[in-house]
Amino acid sequence: GSFLQSIQGDINSVCWSVAISSGGARMLASTCDNSKVQLWNPDNFDQVVHIFEGHTDTVWTVAFSQPAGALLASASQDCSVKIWNTSKGTCVKTLIDHTGGVGSVCFSPEKNLSSTLISGSADTTCRVYDTANWTLLYTLSGHAGSINCLGYSPNAATIVSTGNTDNLMKLWSLGECLRTF
């Protein structure tokens, strides 16, 4: 590929994560250690559409909902996950169930009939939420260290979690660990 364009956020902050929406309105989100999330117009990277403020510590990662990116989840060292409405630029929910910094977050794939969000934390747990009402469905315990990566199978029946200090990968289904690698 060829270089298209560089963008400049807050010059006094380190960029930790980016996410690109799929389907619907094209958007790019970036996180920094200044506790803010920036939402960019990818057709004009000089234009910041929204700056989401509300976290009190470094925002480690972001993820768009499927398929249109109507929601954006941000995971922070402040132990919270915030859910943002990308068109209005407002926070619609703050999830505060973790007791350690939250380093990973992922929405279930668009083909799933029941949409969920999973978060992984330094408290060694993953939390699975129903996005219809933001209730906590499952707490997945079994890692001995921080959860640094999460993902869903294409049909959302299986969740994969990895821990960065325990060197383990776990497969989960309906709150139960199916296998550890």
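Rings of Phe, Tyr and Trp, the last represented by its six-membered ring, are taken to pair if their centres lie within 6.5 Å. In the present model, which is predicted, 1 aromatic pair is found. The ring centres of Phe-52 and Trp-84 are separated by 4.7 Å and their planes meet at 25 degrees, so the pair is classed as stacked, planes under 30 degrees apart being counted in this way. Distant parts of the chain are linked by this pair, with Phe-52 located in strand S4 (residues 44-53) and Trp-84 in strand S7 (residues 81-85), 32 residues apart. Phe-52 and Trp-84 are both buried.

Strand S7 also belongs to an open sheet of 4 strands, arranged in the order S5-S6-S7-S8 with antiparallel pairing. The edges are formed by strand S5 (59-64) and strand S8 (90-95); each has a single partner strand, and therefore one side of each is left without a neighbour in the sheet. From one strand to the next, the twist averages 25 degrees. Within this sheet, strand S6 (residues 71-76) is paired with S7 in the antiparallel sense over 5 bridges. Leu-71 is placed opposite Asn-85 of S7.

A further site of interest is Thr-131, in the loop that runs between strand S11 (125-130) and strand S12 (135-141). Thr-131 counts as buried because its relative accessibility is 17%, buried meaning under 20%. A polar atom of the Thr-131 side chain lies 3.1 Å from the backbone oxygen of Ser-115. When neighbours within four places in sequence are set aside, Thr-131 is in contact with Phe-107, Ser-115, Thr-116 and Leu-117.

Notes
Residues numbered from 1 in each chain as written. Predicted model: local features only at pLDDT ≥ 70, side-chain atom pairs only at ≥ 80, totals over all residues. Heavy atoms only, no water. Helix = DSSP H or I, 4+ residues; strand = E, 2+ residues; numbered from the N terminus. Buried < 20%, exposed > 50% of the residue type's maximum accessible area, 1.4 Å probe, protein only. Polar contact = N/O pair within 3.5 Å; in protein donor to acceptor, adjacent residues only side chain to side chain. Contact = heavy atoms within 4.5 Å. Phe/Tyr/Trp six-rings, centres within 6.5 Å; stacked < 30°, edge-to-face > 60°. Pairing = 2+ DSSP bridges. Axes fitted to C-alpha atoms, helices over the stretch in contact; angles between N-to-C directions.
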